[in-house]
Amino acid sequence: MPEKMTISRLGTAAGVNVETVRFYQRSGLIDEPERPRSGYRTYGDEHVRRIRFVKRAQLLGFTLEEIASLLKLEGSGTCSSTRALATKKLALVEAKMGDLFAIRTALATMLARCDSETQETSCPIIQALIDD
């Protein structure tokens, strides 16, 4: 029989805090079980798996909106749609990597100027930010 747990135990099992569980419920990423007569909702292993899915997708850079789309695609016959979302995400990541490389190059150039110039005048890094 699947284990039933309180929201607090669910958060612990999934590696998130209670407010994150509640946020995911409000966002529609996980369902909110009916409140029984005892007054305490109980959650099962499927909720733990779902929250872990959301967290892993976030680590890959998917937004909550994109994760909601992925969750809707869960099941058979959806691999091409899922692949399309992942391909789009990869293109965004590669574009960000290009931007980060450009930032890295600019910072390295500024640091090299700083190391090669005397500090009698204004800071070369500040000057580069003013001039460029």
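**View 1. Contacts along the whole chain.** Among contacts in the protein (heavy atoms within 4.5 Å) between residues at least 6 apart in sequence, 45% join residues at least 24 apart. This is a predicted model: local features need pLDDT of at least 70, side-chain atom pairs count only at pLDDT 80 or more, and totals for chains, interfaces and linings use all residues. Numbering starts from 1 along each chain as its sequence is written, and side-chain values use heavy atoms, with hydrogens and water left out.

**View 2. Fold and dimensions.** The order from the N terminus is α-α-α-α-α-α. Helices (H or I, at least four residues) and strands (E, at least two) are DSSP runs, numbered from the N terminus. The C-alpha trace spans about 75 × 35 × 20 Å along its principal axes. The radius of gyration is 24 Å, whereas a compact globule of 132 residues would have one near 14 Å. That radius is taken over C-alpha atoms, and the globule rule is 2.2 Å times the number of residues to the power 0.38.

View 3. Of the 132 residues, 23% count as buried. Buried means under 20% relative accessible area, exposed over 50%, and partly exposed in between (1.4 Å probe, protein chains only). The protein exposes about 9700 Å², with 58% of it supplied by carbon and sulfur atoms. These areas come from the Shrake-Rupley method with a 1.4 Å probe. There are 19 positive and 17 negative side chains, and the centres of the two sets lie 12 Å apart. Lys and Arg count as positive, Asp and Glu as negative; His and the chain ends are not counted. Each charge is placed at NZ of Lys, CZ of Arg, CG of Asp or CD of Glu.

**View 4. T6, ahead of α1.** T6 sits in the segment before α1 (7-14). T6 counts as partly exposed because its relative accessibility is 36%. Beyond its neighbours within four places in sequence, T6 touches R41 and Y43. K55 is 49 residues from T6 along the chain, and their C-alpha atoms are separated by 20 Å.

**View 5. E66 in helix α4.** E66 belongs to helix α4 (residues 64-73). E66 counts as buried because its relative accessibility is 17%. Its side chain makes a polar contact with the side chain of K89 (3.0 Å). A polar atom of the E66 side chain also lies 2.8 Å from the backbone nitrogen of T63. A polar contact is a pair of N or O atoms within 3.5 Å; within protein, one must be able to donate a hydrogen and the other to accept it, and residues adjacent in sequence count only if both atoms are side-chain atoms. Leaving aside neighbours within four places in sequence, E66 is in contact with G61 and K89.
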